[in-house]
Amino acid sequence: MTDERPKYQRLVDHLRSLIADLPVGAAVPSERALADDSGVSRMTARKALAALEREGLLRREVGRGTFVSRPAVSLPLMLTSFTEDMRARGLEPSSRLLGRSALAADAELAVVFDVAVGEPLVRIDRLRLADGTPFAIERTTLLDRAVPGILDVDLVAASLYDVLEREHGIHFDAGRQSIRAAIARPDDATTLELAPGDAVLELVRTSIAGGTVIEHTVSTYPGARFELSASIAPVT
Ligand code: GLP
């Protein structure tokens with residue numbers, strides 16, 4: 001049997017540069033077309049496609065073909081910020097402001113923050129991007145008295161958690177997070193560049209410092225591009 005390793009590697013490299021130039025969802029040549037065009041066996045072509053599929057760069061759909069995909073970004077279940085999460089993956093975070101306002105706690109938020117109805121809160125909605133690609137919509141509610149003046153801070157350029165730590169001495173020491181699947185709201189689908197009806201992951205985080213609930217954020221991530229990872233502890 002001939003050693004097809006160099007051919008295999010050449011094919012993988014060729015596919016990688018092809019994928020880099022194509023948008024997500026674009027079709028790549030079939031196993032047979034690749035084998036014919038590159039002068040490799042069908043088996044080598046299949047192995048190369050499978051390797052790139054394992055890396056999350058391709059997605060195969062039975063009976064339809066093989067399409068360009070993006071590797072899933074793994075989010076840790078920890079009290080880290082979006083900025084930290086993206087930088088840890090070698091991606092450059094940025095934000096776009098979608099809205100900000102002062103509000104008074106309604107019955108639901110009063111329970112979340114453990115305050116009286118009417119307690120002053122602030123709301124900041126941001127589109128979060130990584131390397132210029134929309135990654136999440138974050139709707140953040142903060143306890144106003146813990147973060148005076150936060151509505152005047154430029155949270156497009158800065159990390160919220162950095163600002164809380166630097167300007168308000170807030171370091172979160174506890175939190176709760178729940179995750180649910182949902183269908184993207186039509187306006188969110190547009191903002192996140194998703195198709196109508198696409199799935200999203202909603203992470204709802206409540207962050208606590210010194211026993212006070214300071215932050216409540218609903219983060220909406222495109223479902224197909226993210227997975228959540230966590231260390232799991234043994235039962236004691
Ligand atoms: C994560 C959390 C949010 C938090 C945000 C702060 O995405 N899920 O609850 O508000 O990070 O991010 P940054 O400090 O980058 O503004």
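In which loop is Asp131 found?

Guide: Asp131 is found in the loop between β6 and β7 (133–143). Helices (H or I, at least four residues) and strands (E, at least two) are DSSP runs, numbered from the N terminus. A word on the basis of this account: this is a predicted model, in which local features need pLDDT of at least 70 and side-chain atom pairs count only at pLDDT 80 or more, while totals for chains, interfaces and linings use all residues. Residues are numbered from 1 along each chain as its sequence is written, and side-chain values use heavy atoms, with hydrogens and water left out.

The backbone of Asp131 deserves attention. Most residues other than glycine have a negative phi. Asp131, although not a glycine, has a positive phi of about 50°. Asp131 counts as partly exposed because its relative accessibility is 49%; buried means under 20% relative accessible area, exposed over 50%, and partly exposed in between (1.4 Å probe, protein chains only).

Asp114 may be set beside it. Asp114 lies in the loop between α5 (107–113) and β6 (120–130). Its phi is also positive, near 60°, and Asp114 is not a glycine. With a relative accessible area of 68%, Asp114 is exposed.

Arg225 lies between β10 (212–222) and β11 (226–229), and at 13% relative accessibility Arg225 counts as buried. Leaving aside its neighbours within four places in sequence, Arg225 is in contact (heavy atoms within 4.5 Å) with residues including Thr133, Pro134 and Phe135. Other contacts of Arg225 include Arg70, Pro71, Ala72 and Val73. The C-alpha atoms of Arg225 and Ser69 are separated by 8.9 Å, although these residues are 156 residues apart along the chain.

Polar contacts, here pairs of N or O atoms within 3.5 Å, can be described next. An oxygen atom of the ligand is 2.9 Å from an N or O atom in the side chain of Arg126, and an oxygen atom of the ligand is 2.6 Å from such an atom in the side chain of Ser159. The protein covers 99% of the 400 Å² of accessible area that the ligand has on its own, by the Shrake-Rupley method with a 1.4 Å probe.

Methods. A polar contact is a pair of N or O atoms within 3.5 Å; within protein, one must be able to donate a hydrogen and the other to accept it, and residues adjacent in sequence count only if both atoms are side-chain atoms.
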